[in-house]
Amino acid sequence: MKCDYEKVLEMLDSEGLINFTRELIQINSVFDSEDEDANESRVAQYVFDFLKKEGFEVYIEDAVKNRPNVIAFLRGEDSGKTILFEGHTDVVSAGDYEQWTYDPFGGEIVEVDGKKRIYGRGSCDTKQNLAAAVYAVKAIKDAKEKFSGNILLCIPCDEEGLMLGIKSFINNGWADKVDAAVICEPEEKNLCIFQKGALRIKINFYGKMAHGCMPLSGNCPNWAIGKVICEVRRLETFEKLRLGKHEYLGYPSMTPTMIQAPINGVAQINVIPSDAYITLDIRTVPGQDHEAIKRQIQGIIDEFTSQFREGDDKFTATMEVLDDRPWTETSKEEPVVKSIAKAYKEVMNAEPIYNGVPGATDGTFIQCQKGIPVIVTGAGDREVPHQVDEWCEIDDIIETSKMYALTALYYLNEEY
């Protein structure tokens, strides 16, 4: 099916795209169940209303109570494949507003070194890419160019948390007929064909409370914590030596992120706590098996807790898996990857840069649960998300929107 791609790019409303991006940033969508003004529902409703006004087939449904997903279709002339573009509505906390140079929810435009930037929480991760996807599909609609198949927009909540939005999207059947997915995240327009896995583990240690001057009358769980952390570090080193540095993902890691004793109540310097916990944020690469890692961690726990149980059968430790997101890989020969590579060359007049995502994304579940090939790419400096004075360049947003539009058409028209 022939398509006038130049006409589609000409129909991209760059001014509207930037205004839409700023309007999304100006809606505080940090999830906070205690603050009605800080919730994904407001930005989701805004996007839903915009898409409905533009004439899209659009739906809104709660992933969990008061936390909605928005789903929209642009359907082609003939039956064919379905390509998904996904960009989440939630953002992380802005933290201390006093540390920001610009209003974190102002969406201000500032010129830096001759280039215009938009500042604000979510300007990089990932409201600008959400807007770029919406306006890419709008440009295709406005150009009235023919294509086969369907373009599906998934705009979920809770990507920054437990990814409840994308899990609901999948569980409710929206992904059943999807053939390929573009995950719209800030990756400097690098074509990310790998994603690191994420395995989050909590280990609870239970000992016996006592006075700090009489340690033998208690059983301090912190000694076991120290031993376990050191052994996890040895396991991390072994895995790095075993696997080496991955071309796109770098090294795997096993990081103790939280340590607390006691688990509840007030800590005191002269009190041996009755219990404690640590959390491990484990990031994996190809060649690692999450089930094997869980067994290894459990083995470490069993070995070292037994050393502190002698004479006191009250000492125990339990392991809880909080989250398990496997690593993913997509071949460069997949049609969606070839399509986006062709689009990159057309828009950027350069060869694409391939890379990997250092963390998991919503695309992790799309690929692992549904077997759908996933490519992660979008505007935004990879180092900027979640920082104070988050920003994204305007030119970058426009280029990304053009790239998304061409990707959809190249893929659906099989011109890759």
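The model is predicted.

The protein chain contains ten helices and 18 strands. Its radius of gyration is 24 Å, close to the 22 Å that the globule rule gives for 416 residues, so the chain is as compact as a globular protein of that length. Along its principal axes, the C-alpha trace spans about 80 × 45 × 45 Å. Of the 416 residues, 55% count as buried. The accessible surface comes to about 18300 Å². Carbon and sulfur atoms account for 46% of that surface. Among contacts with a separation of 6 or more, 80% are between residues 24 or more positions apart.

One stretch of the chain carries a record annotation. An unreviewed UniProt entry lists residues 195-303 as "domain: Peptidase M20 dimerisation". Over residues 195-303, the chain is 34% helix and 30% strand. The end C-alpha atoms of this stretch are 32 Å apart.

Helix 4 covers residues 127-143, 17 residues in total. From its first C-alpha to its last, helix 4 reaches 24 Å. That is close to the 24 Å expected at 1.5 Å a residue. Of its 17 residues, 15 are buried, so helix 4 is largely enclosed by the rest of the structure. Lys144 follows helix 4 and has a positive phi, near 55°.

Gln128 is part of helix 4. With a relative accessibility of 0%, Gln128 falls under the 20% cut-off and therefore counts as buried. Its contacts, leaving aside residues up to four places away in sequence, come from several parts of the chain. They are Thr21, Gly122, Ser123, Pro186, Ala379, Gly380, Cys392 and Ile397. Gln128 and Asp13 are 115 residues apart along the chain, and their C-alpha atoms are separated by 14 Å.

His88 sits in the loop between strand 3 (78-86) and strand 4 (109-112). One belongs to Asp125, at 3.3 Å. The other belongs to Glu185, also at 3.3 Å. Beyond four places in sequence, His88 touches both of these residues, along with Thr126, Leu130, Pro156, Glu159, Glu160 and Asp362. Leu130 in this list lies within the range of helix 4, residues 127-143.

Leu191 is found in strand 8, which covers residues 191-195. Its relative accessibility is 0%, so Leu191 counts as buried. Once residues up to four places away in sequence are set aside, Leu191 touches Ile340, Ala341, Pro352, Ile353, Tyr354, Asn355, Ile375, Val376 and Thr377. Ile27 is 164 residues from Leu191 in sequence. In space, the two are 29 Å apart, C-alpha to C-alpha.

Thr364 lies in helix 9, residues 362-370. Thr364 is buried as well, because its relative accessibility is 1%. Its contacts, again leaving out residues up to four places away in sequence, are Gln195, Arg325, Pro326 and Thr328. Gln195 falls within strand 8, residues 191-195. Asp362, a contact of His88, falls within helix 9, residues 362-370.

Terms used: Residues are numbered from 1 along each chain as its sequence is written. This is a predicted model: local features need pLDDT of at least 70, side-chain atom pairs count only at pLDDT 80 or more; totals for chains, interfaces and linings use all residues. Side-chain values use heavy atoms; hydrogens and water are left out. UniProt positions are given in the numbering used here, feature names are shortened, and annotations may be inferred rather than shown by experiment. Helices (H or I, at least four residues) and strands (E, at least two) are DSSP runs, numbered from the N terminus. The expected span of a helix is 1.5 Å times one less than its number of residues. Buried means under 20% relative accessible area, exposed over 50%, partly exposed in between (1.4 Å probe, protein chains only). A polar contact is a pair of N or O atoms within 3.5 Å; within protein, one must be able to donate a hydrogen and the other to accept it, and residues adjacent in sequence count only if both atoms are side-chain atoms. Contact means heavy atoms within 4.5 Å. The radius of gyration is taken over C-alpha atoms; the globule rule is 2.2 Å times the number of residues to the power 0.38. Accessible areas come from the Shrake-Rupley method with a 1.4 Å probe; for residues, only the protein chains shown count as cover.
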